[in-house]
Amino acid sequence: MIYKIMIVDDHFYIREGIKLILETNESFVVAAEASNGIEALELLESTKPDVILMDLNMPKMSGLDTMHELKSRRIDIPVIILTTYNEDELMLQGLELGAKGYLLKDTGREVLFRTLESAIRGETLLQPEILTKVFEAKQKLATPAKARESAQLSEKERLVLQAIAQGFRNKDIAADLGISERTVKAYLTGLYNKLGVDSRTQAVAVATERGLV
């Protein structure tokens, strides 16, 4: 299946660079390009993208304002934010708005493809360097103090944690570890309880902060 990607960035060369990378993968096609949020919203109906790659700082309508508008219109298209090294606070706001991932603008092709694939599956994939930036900006996660206590993880729980941090699905983890998907879900439940979180993204975030992955 071929997935349609919309690239929204006010820099022409950034759009062209990403487009060239995407053209090397037959699973993706660039369905639309926009230089700001207003243009992106105008193109949605005619192009119907499967994923939006969204810059944060743009003239006329920023990436965050565009995400707010998508949410108000109840348009459920996964958004991956294109970011730089000086946009930590904006990244936090994007995460709260439901961004499915963050990509540095100089990211490699494999990371780009993996992040897109995760977003299409409805999952959130955050690279280690992005997680570090998020923690530096936020200082501490909005989770109970108990979540910050040292958790004793079993070897299998650590393996499952490492796998979800790399964006693997439950069935892939099950096949790799030689266990059932039901068992993988049980390990995830145990991880959530020990880390004081309620999602894969939060589990990876807390684990990264504490050096567990």
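**A quick tour**

A: Buried means under 20% relative accessible area and exposed over 50%, with partly exposed in between (1.4 Å probe, protein chains only). Keep in mind that this is a predicted model, where local features need pLDDT of at least 70, side-chain atom pairs count only at pLDDT 80 or more, and totals for chains, interfaces and linings use all residues. Residues are numbered from 1 along each chain as its sequence is written, and side-chain values use heavy atoms, with hydrogens and water left out.

Q: Where is aspartate 9 found?

A: In the loop between S1 and helix H1 (12–22). Helices (H or I, at least four residues) and strands (E, at least two) are DSSP runs, numbered from the N terminus.

Q: And what does aspartate 9 touch?

A: Not counting residues up to four places away in sequence, aspartate 9 touches Ile14, Arg15, Ala34, Ser35, Asp55, Met58, Leu82 and Lys105. Contact here means heavy atoms within 4.5 Å.

Q: Zooming out, how many helices and strands does the protein chain have?

A: There are 10 helices and 5 strands. Of the 213 residues of the protein chain, 45% count as buried.

Q: Which residues have the most contacts inside the largest nonpolar core?

A: Met6, Val8, Leu44, Ile52, Val79 and Ile81, in a core of 21 residues. A nonpolar core is a set of buried Ala, Val, Leu, Ile, Met, Phe, Trp, Tyr and Cys residues joined through side-chain atoms within 4.5 Å. Elements that each supply at least two residues of this core include strand S1 (3–8) and helix H2 (37–47). There's also a second, separate core of 17 residues, which includes Ala163, Val184, Leu188 and Val206.

Q: New topic: which residues are buried in helix H8?

A: In H8 (residues 170–177), those are Asn170, Ile173 and Ala174. They cover an arc of only 100° around the axis, so they sit on the same side of H8. That arc is the one of the directions from the helix axis to the C-beta atoms.

Q: Which exposed residues does the face turned away from the buried side of H8 carry?

A: Ala175 and Asp176. Just after H8, glycine 178 takes a positive phi of about 70°.
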